[in-house]
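We will go stop by stop, picking residues and looking around each one.

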Amino acid sequence: MCGIIGYTGKKEAGAIMLDALELLEYRGYDSAGIALSAEAGGEPKLLKRAGRVKDLRTLCAENDTSGTCGIGHTRWATHGGVCDENAHPHRFGKVTIIHNGIIENYRELTEKYGLEDKLCSQTDSEVVAAVLSRFYEGDPYAAIRKTVLKLKGTFALAILFDDIPGKIFAVRNVSPIVAASTGDGAILSSDVAAIVPFTNQYFVVPEFHVVCLSKDRIELFDLSGDKACIDWLTVDWDVSRSDKGGYPFYMEKEIMEQPQVIGDTIMPRIKEGKPDFSAEGIPDNILSDCKRICVIACGTAMHAGLVGKSLIQAMIGIHVDVVMASEFMYNDPVVDKETLVIAISQSGETIDTLEALKFARKCGSPTISIVNVKGASIARASEYVIYTCAGPEIAVASTKAYTTQLAVLYLLTARMAMARGLWTKEKLTAYMKELMRVPKVIEEVLLRKDEIHHIADTMLNARDVFMIGRGLDYSILLEGSLKLKEVSYIHSEAYASGELKHGTIALITEETPVIAVVTQDKLKSKELSNIKEVQSRGAKVILLIKGEEQIEQEKIWYRIFRLPVMADEFMVMPASVVLQLIAYYVSADKGLDVDKPRNLAKVVTVE
Ligand code: M6R
């Protein structure tokens, strides 16, 4: 959470930082600010305010923002409310900082260094500026070393010292920082998204290392002051992938990109018609020897895990647990050498997933992560990594990351079946053929977006929406419901249809739209009976059903959407896309800020 940027070079830093902060705004959008280093040394120019980056832009337009070195921040509030004083950068003595993360011992530090009356904000971050300032006696490295050794918690810090103009120092623990050379200078950021407009070469600043950006070089040191080697990485998407491409919102663009990115994710991993993870170096024995699987993830990524669970249990016959990463550590997790742990994360930075993964590794579990962002912390903390090829996902609501995670889980299931010698050649061929059809089938759904838009229109004034289904249908409804509530602010719940009558059916009235998904042949008759139960209570049922399935009395349905036909286990793909589009259209038609729903942030780096 919180986006950070720093630039030093030949160009105007103010303009570069404002553009970058717009790209980073998905990390948090409560307030924003920049500090411009004074060319001849002395106090930097600080401009910050509560609100969006566009509000900061207005403030900058009213002020002098000349200068070629600066740091900037967009905030997701944790400690201290949303106000100008709590916006970053924070300044103390000769030190100006921006911070992403949480300093858990900020109260102790405040007390220890007698800062109670000296701070201007309620943030944990300002305390770091004060401690740094206390230790700063002209040697930035010594001050940074002494400070970080006092900090408990997570941090990515970018720092300006008044008497070292033109240089930016940065250090981190857990929270990410990447850095790169821009040709005319150097840049650092919380995300590669801000770096891609300048270069495709970057590196991840290792934890507890200090990076120093000057106009003509980048230097990296470990905490004892020894020079460290830089491990360069290449971004494989270009800048055009981070714009809206003519769509009003990133969410729509990202939904529309799914046929392409699912193809990009699966096709390079299919060799001679078979799933292949040799490029990732994943040995078959990891997939064949495990006695159980534990998936750890949060939010949408966890919902992808739930689909994976149904698939693997049904097709491989081994037990799969899907655990919310944020709860994993608090439930005495039982994972061992025989448990394959799969971490799923778009950003690769979700702290709960990262901590759970590190714990699993300590327990000796083999680990595979499914991550979208190259070089992200979760990818690096795991034994093996499979990258989804979704490209940059900017909308806070995850769409294409989810379906590419599903695509990887389909491939893994097939590889696991091969490694265990479970399927006949014919079964594998049929399954892989169906998987390769997914992009085309999703394209068919996207071509029917107007039809889906009409369905969404029926929900614009709803207070609650229920979603019901069984088995795989229930798993995807959990995601469909999350999508609807996060972008439209309509209360929505996904319920296993058989569970409704154990309490929740009390909430169904004539005013309640109910989305029912029926795609699994073996569950169809039970699902249809459950639907009748809500229809009898007056609910307006919107039915998503597979193809030309026969259903009685078409007119009892409020709306029907017939999904393109695939084998049952693949029906989640077209059905998910319909649910994504429903959420999108409801939000857009309500005039909401679809890409930046209130209170949320794209990358969740606090526990
Ligand atoms: O980056 P991650 O996939 O680890 O993020 C996990 C969740 O925060 C994320 O999936 C979240 O639920 C979605 N943005 C919601 O659309």
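**Before you start.** This is a predicted model: local features need pLDDT of at least 70, side-chain atom pairs count only at pLDDT 80 or more, and totals for chains, interfaces and linings use all residues. Residues are numbered from 1 along each chain as its sequence is written, and side-chain values use heavy atoms, with hydrogens and water left out.

Now show the 14 residues around the ligand. A residue is included if one of its heavy atoms lies within 4 Å. Ser 345, Gln 346, Ser 347, Thr 350 and Glu 486 come nearest.

Next, show the polar contacts (pairs of N or O atoms within 3.5 Å). A polar side-chain atom of Ser 345 lies 2.6 Å from a ligand oxygen. For Glu 486, a polar side-chain atom lies 2.4 Å from an oxygen of the ligand. Thr 300 uses a backbone N or O atom, 3.1 Å from a ligand oxygen. Taken alone, the ligand exposes 410 Å², and the protein buries 90% of that. These areas come from the Shrake-Rupley method with a 1.4 Å probe.

**Stop 1: helix 9.** Colour residues 299-315, which form helix 9. Helices here are DSSP runs of H or I with at least four residues, strands are runs of E with at least two, and both are numbered from the N terminus. Helix 9 gives the most to the shell around the ligand, with 3 residues. Helix 16 (472-488) also gives two or more.

Select His 303, in helix 9. Is His 303 buried or exposed? His 303 is buried, at 8% relative accessible area. Buried means under 20%, exposed over 50%, and partly exposed in between (1.4 Å probe, protein chains only). Setting aside residues up to four places away in sequence, His 303 touches Tyr 402, Leu 478, Glu 479 and Leu 482. Touching, or contact, means heavy atoms within 4.5 Å.

**Stop 2: helix 5.** Jump to residues 140-150. The buried residues of helix 5 are Pro 140, Ala 142, Ala 143, Ile 144, Thr 147 and Val 148. They pack against helix 4, strand 7, strand 8 and strand 12. At the helix start, a side-chain oxygen of Asp 139 reaches to within 3.0 Å of the backbone nitrogen of Tyr 141.

**Stop 3: Leu 412.** Select Leu 412 in helix 13. Leu 412 is buried, with a relative accessible area of 2%. Beyond its neighbours within four places in sequence, Leu 412 contacts Phe 277, Leu 287, Ile 342, Ile 370 and Ile 386.

Stop 4: Most residues other than glycine have a negative phi, and most peptide bonds are trans. Zoom to His 88 and Pro 89, which are joined by a cis peptide bond with omega about 0 degrees. Then compare two positive phi values. Val 174 has phi near 70 degrees and is buried at 10%. Glu 272 has phi of about 50 degrees and is exposed at 77%.

Methods:
Polar contact = N/O pair within 3.5 Å; in protein donor to acceptor, adjacent residues only side chain to side chain.
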